Amino acid sequence: MEFRYLPMTDQDKKDMLTTIGVESTDELFSDIPSKVRFNRELNLKRPANEAQLKKELTDMANKNANLKNNSSFLGAGVYDHFIPSVVDHVISRSEFYTAYTPYQPEISQGELQAIFEFQTMISELTGMPIANSSMYDGGTSLAEAVNLSAAQTKRKKILVSKTVHPESRAVIKSYAKGPNLDIVEIDHKNGVTDLEHLESQLDENTASVVIQYPNFFGQVEKLDRVRDLISAQKKTMFIVSSNPLALGYLTPPGEFDADIVVGDTQVFGIPAQFGGPHCGYFATTKKLMRKVPGRLVGQTTDEDGVRGFVLTLQAREQHIRRDKATSNICSNQALNALASSVAMSSIGKHGLKKMATLNMQKARYAKQKFLDAGFEVLSDAPFFNEFAIKLTKSVKEVNARLLEKGIIGGYDLSDAYPELNHHMLVAVTEIRTKEEIDAFVKELGDIHG
Amino acid sequence: MANKDFPLIFERSKEGRTSYSLPELDVPEVNLDDEFEASYVRKTAPNLPEVSELEVMRHYTGLSNRNFGVDSGFYPLGSCTMKYNPKINEDVARLDGFSHIHPYQDSSTVQGAMEMLYDLQTSLSEITGMHEVSLQPAAGAQGEWTGLMMIRAYHEANGDFNRTKVIVPDSAHGTNPASATVAGFEAVTVKSNEKGLVDLEDLKQVVGEDTAALMLTNPNTLGLFETEIVEMAEIVHEAGGKLYYDGANLNAIMGYARPGDMGFDVVHLNLHKTFTGPHGGGGPGSGPVGVSEELEAFLPKPILMKKDDKLVFEYDRPQSIGRVKPYYGNFGINLRAYTYIRTMGAEGLKKVSEYAVLNANYMMRQLEKEYDLPYPQHCKHEFVLSGRRQKKLGVRTLDIAKRLLDYGYHPPTIYFPLNVEEALMVEPTETESKETLDGFIDIMLSISEEAKNDPELVQEAPHNTIVKRMDETTAARKPILRYED
Ligand SMILES: Cc1ncc(COP(=O)(O)O)c(C=O)c1O
């Protein structure tokens, strides 16, 4: 069998073995003790030729209901936004996607500058002075922020609102086991953080308070009130997780004196792709600059004074500091950060607010339609592009029926919030049309009965 | 463009331009500002660039021209497995049925995606000899931490709370000790012996009742197979510890040996390396973990399993360490790895390792003529040279790396592993032709001559790149981490 990725010919092999001075390649593996030698063929599917494999995988893909053939109202942390064609054209340039971490700045200025620009865009959006080059995703970025707050304040208690994404909270809990943190969840009232509960839990042992803005229910938390409560405890840090698209309309967390702002840039140019890879961001204050996890790119000059970029402040990182590093992260989400940079560049300064408000307008139209059709909504507080409605049947059952009509319904809130049985979280992005929204409300009304 | 500042995208910006075509507002408009307190409505727009579509393309095309990838040329970056990234992988990852599916769709509507994941999981179990695999971790380092958390949970489930230490060889990758710390352990070092392998006597010294695990890369970061792996496994297991396998170097042994058969309890793989990820300029990766039967109960949840002929995500896992990442891992990267495994099959993967090892030994035997080779036995998929001979001439390994840039090569990994002075870590991979290897060997040998005859030429390299050496000291002393206008 011939393999198109393997250029070795019989003659090459012979010549190379002669140069090495061995008879066969087996001799090169003679250091593997016979006891642990693998002596049969791996039991894998037969190799497939390119045409056959493309067909096989296309068939597999076609078994899935996708967001392009159906109109989707599913969000809950992963959104169906329009991705301009330029994004894929840029990230398909193989000088980007077949490179690795830019260790050699002289031949990696492209990647380094792209990261520097990404850092700047995240800094602009969040209102924070510093942002890193990316994290795995919003959830792990938040968990790293929590661990940083504990290390920085030398405290163990973390207050996390239940309106933070349930999967981010799960990840926080997993990461908290290492440093033995005490994660206390703060209740919600109709989908917003219960500030009285928060106040009652806040004390001088609290390392940080974690709020999502807009929160998991789409609602806009009162960051100024939270900030006031936190300020009563000297060192306690304020961590905000934010959908960066919403910051096109909303006041950025930096203006509410957040210490760390994290989130996911999936909303900018990254397809849902079943939940990953997306792209976490991590933004913070100058004070925490040397505690930031992951890679940072800085501007400098070369020997001739030409502007250029390098990986910098590496004394924080695992390859230098090993067990004393601020995080273990090494590979990150560089290519997705590039995709988001291209999308943000395309949308631009004024486009961003337009895009954010378009989401908000359409979501308000949908919400009003549901109200008009007699549905109950969870809350009438300010929101971004998501809201919760109450059904008479299980969301799972309703979604199965909606799919028959070409609609991917919203998120089943009872999965993570048992008290919200039969509640559906509906997301409306800029690409949903009035017709689609009308059809969705009508079909739900019919099923609702 | 040589020797000129390349503009930042912000410097190309002009008020009034855009590269985005937003959908229409086709619903009645409401006044949003009525809904919000004024303090919640953003006053100053974020300073994103305003550029036309062509300007976006020119900018990023220009940047790509200032970058070097595997498709640009030879990239023998040790420990990173910079092999060819197949194009079919990129195509299938962009199929709507894979790229535009939502993680919260009902599992009955995404059976095709789950089938792929299940098949990948099963294939990775077979390749590694592990009982069960989770595809959740996002990259190698997260896989390491996940594995250590499982080991911790295992000990704690046995009522054993005093295993606070994780042993790592001095040659280990930095993520190993860092992951140990993040998992709440103390990292302790075991020395390497004169052969570049773990020193068994030292291992016996450091192993004890407080040992949670030994983390091992095999072949190790010197590219050498740990020949005493069976004995090491016995020593660690006898002391009640677990054996962790850093699978970054799996490219050397596929079809020849399996971590599971060597006695490893937990394994992580770097799908962006051995299984053609690609590397993406730094990521995304994917770092699945495999475990022995004993540790299965502790895998992150949910796990993907078959139930009544349907694939489901199972959350009812009381002993699980919990979730390590939102959703189900880096699906898009897992899909590329799956496509690669289906392209190669068992026969192909074994050939991959055979040729990766052949290529590395071929290069090593020719380069050792001019560069010190501290550990002269056969290597596996990579080898580590020392530039100490050249250092005596005043030419550092860094200079050699920079000189390689002039000749159009990406240099090897340098100054790692830490237990080799002036290290040059070369990993050719199996996708490079003999002609490519020969070309690189010639240049390396001639750089050695340059070091003898014209050291300044090497010390002052690179000469032909678009920028010269960077002032990294100032970058770190007075950090400029964003653009200010
Ligand atoms: C030996 C080894 N272990 C672990 C890692 C970490 O993997 P990742 O960068 O995917 O987190 C690497 C890669 O950089 C490596 O070479």
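Let's start in chain B: across residues 172–280, the chain is 23% helix and 20% strand, with its end C-alpha atoms 24 Å apart. Keep in mind that what you're looking at is a predicted model. In UniProt, an unreviewed entry labels residues 172–280 of chain B "domain: Aminotransferase class V".

**Two more annotated stretches**

Further along chain B, UniProt (again an unreviewed entry) places "domain: Glycine dehydrogenase C-terminal" at residues 353–455. That span of chain B is 49% helix and 10% strand, and 37 Å lies between its end C-alpha atoms. Over in chain A, residues 4–443 carry the UniProt annotation "domain: Glycine cleavage system P-protein N-terminal", which also comes from an unreviewed entry. For residues 4–443 of chain A, the figures are 37% helix and 15% strand, with 51 Å between the end C-alpha atoms.

**The ligand and its neighbours**

Now for the ligand. How many residues surround it? There are 15, and the closest are S331(A), S79(B), A141(B), D246(B) and K273(B). Why do we call the site shared between chains? Because the residues around the ligand come from both chain A and chain B.

What kinds of residues make up this shell? Seven are polar, five are nonpolar and three are charged. Helix α5 of chain B (residues 140–157) supplies the largest share of the shell, with three residues.

As for where the ligand sits, look in the second largest cavity.

Which residues does a cis peptide bond join in chain B? One such bond links G277(B) to P278(B), with omega at about -5°. You'll find P278(B) in the loop between β6 (266–269) and β7 (289–291) of chain B.

Another cis peptide bond connects K301(B) with P302(B), and here omega is about 0°. P302(B) has its place in the loop between β7 and β8 (303–307) of chain B.

F274(A) isn't a glycine, and yet its phi is positive, at about 55°. Where is F274(A) found? Look in the loop between β9 (260–264) and β10 (280–284) of chain A.

Conventions. Residues numbered from 1 in each chain as written. Chains lettered and ligands numbered in written order. Predicted model: local features only at pLDDT ≥ 70, side-chain atom pairs only at ≥ 80, totals over all residues. Heavy atoms only, no water. Near = heavy atom within 4 Å. 1 Å grid on protein atoms, 1.4 Å probe; cavity = no way out; pocket = protein on both sides within 12 Å on 5 of 7 lines; lining within 4 Å. Sits in = over half its atoms within 2 Å of the grid points. Helix = DSSP H or I, 4+ residues; strand = E, 2+ residues; numbered from the N terminus. Nonpolar A, V, L, I, M, F, W, Y, C, P; charged D, E, K, R; others polar. UniProt positions renumbered as here; feature names shortened; annotations may be inferred.
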